[in-house]
Amino acid sequence: MTEATDLAAKAGDADPRVGLRAVAALRRLLERLEAVQVRSARVHGWSWQEIAEELGVSKQAVHKKYGRR
Amino acid sequence: MFEQFTKDARATVREAVRDATELGSAEVDTLHVLVALTRFPQGAAARLLGGLGVALDDVAARAQLARRRGGLSDADAEALGGLGIDVDHIVSRIEQEHGPHALAGGGRRARGHIPFGEQPKRVLERCLREVIMLGDRRIGSEHILLALAVVPGPARDVLSGLGVSAEAVRAVLRRAS
């Protein structure tokens, strides 16, 4: 890597836009992964209580988000 | 606000809702709206894209890829790659275990009305502002395209990945009005 591209890469890492985008994208990915896993657990016969315990949230929270879907 | 839409724009919104319903999505998102624009090749937005040298099929294909990744664009995947997270690897693992398009978030049975998500609402608001700034009288599909290119989100990323910026769309519309 030349000095110029190295500098550019470092500057890029510090760009808040890239960092914020990664966080927003990760959040979206996390939401989708959670939905997939919760649905799968329901298909496997898990109760809302069991799912909530694994996720470390309240049963009400998980049921409100995914119940009746 | 809806009566100020051209026929073209109304058809686009209806198509976005229809697409979301067919896919079983929880809500209408900006990718549904973007894909809807490509379904009317004679519409103002589609002709504008053609004028910018963009193929409608490419727009639809990239939008579908983003949906398959759970709404993450190439730029999102790249940003996560910078953290060592390989989005495509995650997508393929999840699809192996849970079936194709598992992360796309579809497959729900529609229970009546599918709501508009936050982002497409922001897009429609933005449309109105752009129409006013351009001095146009009604909201057409070309203004929906412009707003999609302005409001941050996967649809804007798909457009910018194909070289379509808000400035480029706005320039075409300024010349026309």
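Start with chain B: helix α3 (residues 44–51) and helix α8 of chain B pack at an angle of about 60°, with their axes 6 Å apart. Axes here are lines fitted to C-alpha atoms, for helices over the stretch in contact, and angles run from 0 to 180 degrees between N-to-C directions. Since 65 to 115 degrees counts as roughly perpendicular, under 35 as roughly parallel, over 145 as roughly antiparallel and the rest as oblique, α3(B) is oblique to α8(B). A44(B), A45(B) and L48(B) in α3(B) meet S141(B), E142(B), I144(B) and L145(B) in α8(B). Contact means C-beta atoms, placed from the backbone, within 7 Å.

This is a predicted model: local features need pLDDT of at least 70, side-chain atom pairs count only at pLDDT 80 or more, and totals for chains, interfaces and linings use all residues. Residues are numbered from 1 along each chain as its sequence is written, with chains lettered from A and ligands numbered from 1 in the order written.

Now across the chains. Helix α2 (residues 16–43) of chain A and helix α5 (residues 74–81) of chain B have axes that come within 8 Å and cross at roughly 105°. That makes α2(A) roughly perpendicular to α5(B). On the α2(A) side, the residues are V18(A), R21(A), A22(A), A25(A) and L26(A). They meet A75(B), D76(B), A79(B) and L80(B) in α5(B).

Last stop: what does L34(B) touch? Not counting residues up to four places away in sequence, V59(B), A63(B), L148(B), A155(B) and V158(B).

Definitions and conventions:
Helix = DSSP H or I, 4+ residues; strand = E, 2+ residues; numbered from the N terminus. Contact = placed C-beta atoms within 7 Å.
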